[in-house]
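This briefing is meant for a reader who is meeting the structure for the first time.

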There are 4 protein chains.
Amino acid sequence: MGSTWGNSIKLSIFGESHGAGIGVVLDGFPSGVPYDEAFILREMERRAPGRNKQSTARKEADLPKVQSGVYNGKTTGTPICAVIENTNQHSGDYTALAPQPRPGHADYTGAVRYQGCNDPRGGGHFSGRLTAPLVFAGALCKTWLKTQGVTVGSHIQSIAQIQDMPFDDVNVPVSQLETLRAADYPVNNPRALEAMLAAIEDARGEQDSVGGVIECAAVGLPAGLGSPMMDTVESRLSSILFAVPAVKGVEFGAGFAFAALRGSHANDTFYLDGDTVKTETNNNGGMLGGITSGMPLIVRACVKPTPSIAAAQNTLNVQTGRVEPLSIHGRHDPCIVTRAAPVVEAACAVALADLLREAKGYA
Amino acid sequence: MGSTWGNSIKLSIFGESHGAGIGVVLDGFPSGVPYDEAFILREMERRAPGRNKQSTARKEADLPKVQSGVYNGKTTGTPICAVIENTNQHSGDYTALAPQPRPGHADYTGAVRYQGCNDPRGGGHFSGRLTAPLVFAGALCKTWLKTQGVTVGSHIQSIAQIQDMPFDDVNVPVSQLETLRAADYPVNNPRALEAMLAAIEDARGEQDSVGGVIECAAVGLPAGLGSPMMDTVESRLSSILFAVPAVKGVEFGAGFAFAALRGSHANDTFYLDGDTVKTETNNNGGMLGGITSGMPLIVRACVKPTPSIAAAQNTLNVQTGRVEPLSIHGRHDPCIVTRAAPVVEAACAVALADLLREAKGYA
Amino acid sequence: MGSTWGNSIKLSIFGESHGAGIGVVLDGFPSGVPYDEAFILREMERRAPGRNKQSTARKEADLPKVQSGVYNGKTTGTPICAVIENTNQHSGDYTALAPQPRPGHADYTGAVRYQGCNDPRGGGHFSGRLTAPLVFAGALCKTWLKTQGVTVGSHIQSIAQIQDMPFDDVNVPVSQLETLRAADYPVNNPRALEAMLAAIEDARGEQDSVGGVIECAAVGLPAGLGSPMMDTVESRLSSILFAVPAVKGVEFGAGFAFAALRGSHANDTFYLDGDTVKTETNNNGGMLGGITSGMPLIVRACVKPTPSIAAAQNTLNVQTGRVEPLSIHGRHDPCIVTRAAPVVEAACAVALADLLREAKGYA
Amino acid sequence: MGSTWGNSIKLSIFGESHGAGIGVVLDGFPSGVPYDEAFILREMERRAPGRNKQSTARKEADLPKVQSGVYNGKTTGTPICAVIENTNQHSGDYTALAPQPRPGHADYTGAVRYQGCNDPRGGGHFSGRLTAPLVFAGALCKTWLKTQGVTVGSHIQSIAQIQDMPFDDVNVPVSQLETLRAADYPVNNPRALEAMLAAIEDARGEQDSVGGVIECAAVGLPAGLGSPMMDTVESRLSSILFAVPAVKGVEFGAGFAFAALRGSHANDTFYLDGDTVKTETNNNGGMLGGITSGMPLIVRACVKPTPSIAAAQNTLNVQTGRVEPLSIHGRHDPCIVTRAAPVVEAACAVALADLLREAKGYA
């Protein structure tokens, strides 16, 4: 119930935007995995705000302090806990919002759910800041997946209506994923990036925000991971992807485009490449019957435009009962899609590590 | 692991297409709920094949035999088990396929997952037939949800590229959902239906198949169901929707269309309607921060075109190692979207009953 | 919630004593395990009533009808469901009890829990008959465990106050476990058995009943199974052992006798036997820190005397509000301990298979 | 897997004895519960070592630093995380042990389980110190249970072979539980306490240790909590009680004494006390069929003697392959039973809060 996820690797995420600290416990993580702090900090840096002009000016240190589960530079196999202190809260920015639930935010639903007791400052436990511990967990999972030959990466498929070049779904080179990871903005086509940045600046200029789509790929997965019916790979991935705030759609392979395809074009022809069974196309996105096929896993998540916009919006004032204008001050990204890429990747990495751990057992 | 799902109401689905029987156990279902057999059979009839020209000619009796959990016409509160005997298997239709994994099916991935031991006849546990017990479970959950003021319904949003009129997401009348439930084909716009049927016949004529999208709505849900972060309403719904074979995309509210919206248009303005907090638009599909808002819940699932097509397709012959043509004989729908609607509804009903049961406790 | 148990192998038990059928679904069971029907039936026969003079005269066929999960004589890896039809119900025997909750039974607590809707006939879902599907599941698990070198067996440690010779906890030969399995009554010391049978007949003569203790051992387990803290081997075993009706105490190794031991005597000294680390004594019953040590696993479960006795007892009449005598007619064992041995074994086998499957992954 | 527990309230415990910190995340805890820091600290103080002559001289601050889930003095409903820093480690005391696994400890099994990667200092994650966050969680749960009319308390039933006066199982006054909670040693009979303390001093004098039994009671529980078969109240309580290091036996009500009782004496007669159904005796310890009866819940847990003793013991030296004497230096209790009482209480409180939360839902 709530903020715990996973089967063989269990994740428990805690914290509120303006509380003492946020963090995560990973239970069931394999022992003996190197704790690569430099890699983890780079991954967290990718998500961090204030990194470039497009994202919020709030400077978060976001340094995870490991409490347990790491010894002599390696994971112990017992629970890993990391705490990130909240050092830079500006609660004042948010208190004015109290009587007016912000449109597109969880202010209203959170208050109903928790009988008004939840911490409303900065969105509390609903804050996007809670994705920082998810990225921490994802970075650890990526480190382990790497030792198993699996790489997870992503690019921004679209912002506003500008499309990047999608992954070649039958052949996603690891080098491409690593180049994207190292980039300021993970976009394949530089001209698309230019247009995306312009669209973001347009939105900022109009005190507005834009959404987009992240495409994530995982390569090196063995065939045969997952289960039919109620516990498909798609089920697990989607359940953690919809845990990422602002994600409102998830699709695999051809996804919603399947609706307009004929079976004869949708089906992926099997063939033999050396000893390996492959498919000539990969409309199914690396899964058939809920189980991995060994082809690249392809998933896309839609990220809605940042609900916090600078322009005044109408919303209910619960004290007066009337709809009144609301201006949200403070630090807000006109586009969180750029920062969402490492979060979507992290969510996928956690889900795939959980699956692979289950398949491999203690080993 | 596998075919078990749920928190407060647990579902365990079993069976293979050509085994002795298929069925489901529901554990944690409320006591005292009327067992409305006529309603359950009507729901199962909606999914059953051979009901109309568009669906496969296989006649399945699909009569669920209740083993437990119902006494004096009401649920007992202890596990409900229903078994549906498989009486009409034509295993001969499938044995020829063995050396050639069918494109778009789980033949290959299932064999890897289970080291070649899974029952391959008719797809075994991967068969679409396994959705019959899910519909049974969904019908039970709908009966209970109805007593709680909640109605779940759906329509075919699209087949091929023909679009039906979508739900009015701020106002889905219960009567509309009931009309759709009673219809041969749950489509709002009769002209769209006509075009859809023509598209299906076209595909059949060309020995091909078509896909589509189901839109599902739930009305009467209280605000405040669900949890932030890892256990959002979206997470639970998507995890069971991706358990429906052939579903490859799931979106809520505006879904992937959010990617092209500005925040100022995407945000839903709160207002007061009598004593009830509502939103003027419902782009978020009835959920904010992973928690229900009390607005209609709107979800769409994309269903890929039936992989089994009459036309010959190329695929690997694992005995020769070569790609060779494969003709799939037997009974196959050129379009399973029509039959998928009650399945998608059932999946949603199960997930929402699970959530509501958790919120209400034993009561 | 309720009748579902397990992590990597999930069990879902359903049924009521006088309903249509009882049974079990096993989800996550390994593929390719021989379905040894003869062995399974022998195991179920050990639990079945009417087998000897000491147990109830009710003849239950108890033939499990496999619905799914077995193909070509082996498990498929997908869910296994078995249904046992209830063919021999004498509901008349029980209806008279309705206004008077039977002492020591779940009549009262079940009615409160399920708002009076549960099936009261023969105890409904609370009936000891529900252990038949558990024994079925246990027999399957034993078959798999055997292929992994693990044997589970048990004996009656005591009935009334008569003690059998306990297992030699540092060396439990597989042959001893198999001899016990084949015996009419699994007792090591024939003279103890004689006295136990006499004690049962004494109780029967006085229209009363007696309880006892089952001692169960598992040999061949690798060291290193289980987890510290919240998911110890003891936690898992006890949680399923307390699912066996009438079990009210569970202890491992020296168990409650530890309370009177000094540390210097309680500690088990490590030594090397060839390449294997062993302990000279085994007071810890094969587990240290919640993890198996490779020594025989020793667990004991206390079984309370059959609550249904022939002699009249006082109990509340809910209609009159007064305490009145109640005579329970029908078929009742003066001692269920003899039949409890295979049930306790089955529970242990399920828990250990679940643990071992988790450790080994899909392999 | 591992250190996560619970259904409606999930607990995730982390930390190693000599790492940076230990702690716990509680997910699903009700909102609006007062955070009674003084009460929590008193509870933790009861468990803390160095409190009296009988327990280890190690001074642990054990101040839990709340990271999240508490706002304006009340719980928020979102995850509560508390971290306790490890400030007083003497790792030097333990390093000498490395080549010789300590008898009765998890040194050997932990190393096998985690391939030698687990933190061995002070027992790492296996350390009794990890019960501090459990007591923190238990104190929170007790606070909530109190608002629901439920009180949990305990006394030392025995140390060595000296018995305290057991609870009157049909009538445990709340005042008795509170008196015990406030006492230096929770013992009903002062003369028994005197003898217990003498027995502890005897053991200390002989560089040895003693074990004992804790009896725990919960009063005010409504009838009808829990489930039959696989999720009985006994199953849940035992699964968390066996998570307490050193607990090797758990029994309810008459427990193992049932083995020597006749049914006619074991059965508890129902009667009506005003409007409330009660039983004249309470041999079943407040549960029938796995469900609470409304009578006091009575459970006993056996605690083995501290494995770390000052006297030299023989054990394997893995470097030489020979059995050699081992002297364990450092701080060790000759009796941990006194400190185990609040831990056993805490475990029960967590399990009962989990059950009650499930029964009451969000409310």
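In this predicted model, Ile159(B) stands opposite Gly212(B), a residue of strand E10(B). The two strands concerned, E8 (residues 151-159) and E10 (residues 212-219) of chain B, run antiparallel and are joined by 8 bridges. Both belong to an open sheet of 10 strands that takes in strands of chain A as well as of chain B.

**The sheet of chains A and B**

- The order of the strands is E9(A)-E8(A)-E10(A)-E16(A)-E11(A)-E11(B)-E16(B)-E10(B)-E8(B)-E9(B), and the pairing throughout this open sheet is antiparallel.
- At the edges lie strand E9 (162-163) of chain A and strand E9 (162-163) of chain B, each of which pairs on one side only.
- Helix H7 (residues 233-241) of chain A lies across strands E11 (247-252) and E16 (297-303) of chain A and also across strand E11 (247-252) of chain B, and the helix runs at about 160° to E11(A).

**The sheet of chains C and D**

- Within chain C, 5 bridges join strand E11 (residues 247-252) to strand E16 (residues 297-303), the two strands running antiparallel.
- One of the residue pairs is formed by Phe252(C), whose bridge partner in E16(C) is Val299(C).

**A hairpin in chain B**

- Strand E12 (residues 270-273) of chain B runs antiparallel to strand E13 (residues 276-279) of chain B, and 4 bridges join them.
- Across this pairing, Tyr271(B) stands opposite Lys278(B) in E13(B).
- The hairpin of E12(B) and E13(B) has 2 residues between the strands, and Gly274(B) takes a positive phi near 65° there.

**Helix H7 of chain C against helix H7 of chain D**

- Helix H7 (residues 233-241) of chain C packs against helix H7 (residues 233-241) of chain D at an angle of about 170°, and the axes are 8 Å apart.
- Because an angle over 145 degrees counts as roughly antiparallel, H7(C) is described as roughly antiparallel to H7(D).
- On the side of H7(C), Ser235(C), Ser238(C) and Ser239(C) take part in the contact, and they meet Ser235(D), Ser238(D) and Ser239(D) in H7(D).
- By residue class, this contact of H7(C) with H7(D) consists of 6 polar residues, with no nonpolar and no charged ones.

**The interface of chains A and B**

- Chain A is superposed on chain B by a rotation of 180° with 0.0 Å of shift along its axis, at an RMSD of 0.0 Å.
- The two copies are thus related as by a two-fold rotation axis.
- In this pair, 96 residues of chain A are in contact with 96 residues of chain B.
- The area buried between chain A and chain B is about 7,600 Å², with 65% of it on carbon and sulfur atoms.
- On the side of chain A, Met229(A), Met230(A) and Lys248(A) lose the most area to chain B, and together they account for 11% of what that side buries.
- The copies meet through the same surface, because 100% of the interface residues of chain A are also interface residues in chain B.

**The interface of chains D and C**

- A rotation of 180°, with 0.0 Å of shift along its axis, superposes chain D on chain C with an RMSD of 0.0 Å.
- The contact draws on 96 residues from chain D and 96 residues from chain C.
- Between them, chain D and chain C bury about 7,600 Å², of which 65% comes from carbon and sulfur atoms.
- Met229(D), Met230(D) and Lys248(D) supply 11% of the area that chain D buries against chain C, which is more than any other three residues supply.

Methods. Residues are numbered from 1 along each chain as its sequence is written. Chains are lettered from A and ligands numbered from 1 in the order in which they are written. This is a predicted model: local features need pLDDT of at least 70, side-chain atom pairs count only at pLDDT 80 or more; totals for chains, interfaces and linings use all residues. Side-chain values use heavy atoms; hydrogens and water are left out. Copies are superposed by least squares on the C-alpha atoms of residues with pLDDT of at least 70 in both. Contact means heavy atoms within 4.5 Å. Two strands pair if DSSP finds at least two bridges between them. Axes are lines fitted to C-alpha atoms, for helices over the stretch in contact, and angles run from 0 to 180 degrees between N-to-C directions. Angles under 35 degrees count as roughly parallel, over 145 as roughly antiparallel, 65 to 115 as roughly perpendicular and the rest as oblique. Ala, Val, Leu, Ile, Met, Phe, Trp, Tyr, Cys and Pro count as nonpolar, Asp, Glu, Lys and Arg as charged, and the others, Gly among them, as polar. Buried area is the accessible area (1.4 Å probe) that two parts lose on being put together, summed over both.
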